[in-house]
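Please look over the sequence and the model shown below before reading on. The report that accompanies them is arranged by topic.

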Amino acid sequence: MRSQTLVLKFSVLTFVLAASVLASAQLKQVAIIDLPGRPGFDGVAFANGHLVIAHAAAGTVDIFNPVRRRLVAQVTNLARPMGVAVDDVAGKVYIANSDAKNIVVINTKDWQVVETIPLQSEPVSLLIANKTLYITEPRAFSIGILPLQQATPGPVVAVGGSPQAMVYDPQQNLLLATVEETADVVAIDASGQVAKKIHLNASQPTGIALDQVQRRLFVAVRSAVLVLDPATGNETARIASPQGTDKLWFDGASRTLYATASDGSVNMIQGNNDQFTHVEQPTEVRGHTLAVDSEKNMVYLAGGREGRSKLVIMRRGGQPVQPVQNAQKPSPTPSQQEAKQPVPTKPVLQNSVQPPTPGQQLVKVQ
């Protein structure tokens, strides 16, 4: 009986500590940047020290320098670019050029397009694992497999519905993907076969993320985020979240799950042993395209306000719960500012950048 009481007290203490840490880790807006083109963003990733943003509504990929806080390059004339995947070793970024039914490959040294890979269906989300590019093709109810060494499309895996988001589980050597219509998480093995399906007690699964340390799989569903055991598929917790939450980003340094909805709200979720606390925080834009810089405690959210494209830059207060090795301490918080970027007035050639307005400089990275 005494041991049970001690376990209960320890669990309560752990929960209280997690709650106090999360409460102190609020997001503080430090800047909001104007981006060219009408609002509407999708995939985002870090590559070669830059933030690569798929600007679907503008038909561009925006290359943003977090240090200078400005666009330094653009890839233009794309057809609804969606997913982004980065191959750091090869120095390449893969873009799902959805309406054109192809994958655009960009060199991260000069941000030039080096290759275009044709597909049979519209690509949306991308993920690189084990030197393989996985491609969701929602209209074809399938996930495409493209070995990077061959650079030609491989087999296509039928998943029985529209795949939404993907994550790779190295411990099981499985690709995990949400399927909206069937409310499943499908697991694809190295041979390209569906190894198993996890049926969810919820509807409309979209975003997915994995905590590899505590072995927890997070899945965004309608009005909630489910916490699952990735091996068994058992649901261990359910966290309330704003309706429309469909993007998840797990930050292993701070052990925080960021869940974003199209209204621009950010839900910061933190927990231990399936006891979770969460803080919902609104932003000044509408959008769900979020990226987290763990080392610098910075959070970036692309969206729109009053018909203009914006990039909100936020700093997370407090220190990470479990800092990663070589993590950097955050620099002093700058005063809030709104940096203006030039708005395009006429079409430009692919890989070109709009000329700067007086007093500003927007150049292509050489």
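## Basis and confidence

This is a predicted model, in which local features need pLDDT of at least 70 and side-chain atom pairs count only at pLDDT 80 or more, whereas totals for chains, interfaces and linings use all residues. Residues are numbered from 1 along each chain as its sequence is written, and side-chain values use heavy atoms, with hydrogens and water left out.

The predictor's confidence in each residue, pLDDT, runs from 0 to 100; its mean over the protein is 84, and 80% of the residues reach 70 or more. Over residues 1-24 the pLDDT is below 50, and this stretch has 17 contacts in the model beyond near neighbours in sequence, a contact being heavy atoms within 4.5 Å. Residues 319-366 also stay under 50 in pLDDT, and for them the model has 110 contacts beyond four places in sequence.

Strands here are DSSP runs (E, at least two residues), numbered from the N terminus, and two of them pair if DSSP finds at least two bridges between them. Strand β4 (residues 60-65) pairs with β5 in the antiparallel sense over five bridges, and I63 has A73 in β5 as its bridge partner.

Four residues lie between the two strands of this hairpin, and R69 in the turn has a positive phi of about 55°. Strand β5 (residues 70-75) is mostly covered, since five of its six residues are buried, that is, under 20% relative accessible area with a 1.4 Å probe and protein chains only.

## T132 in strand β11

T132 lies in strand β11, which spans residues 132-137. T132 is buried, because its relative accessible area is 12%. Leaving out residues up to four places away in sequence, T132 touches L127, I145, L146, P147 and L148.

Notes. Buried means under 20% relative accessible area, exposed over 50%, partly exposed in between (1.4 Å probe, protein chains only).
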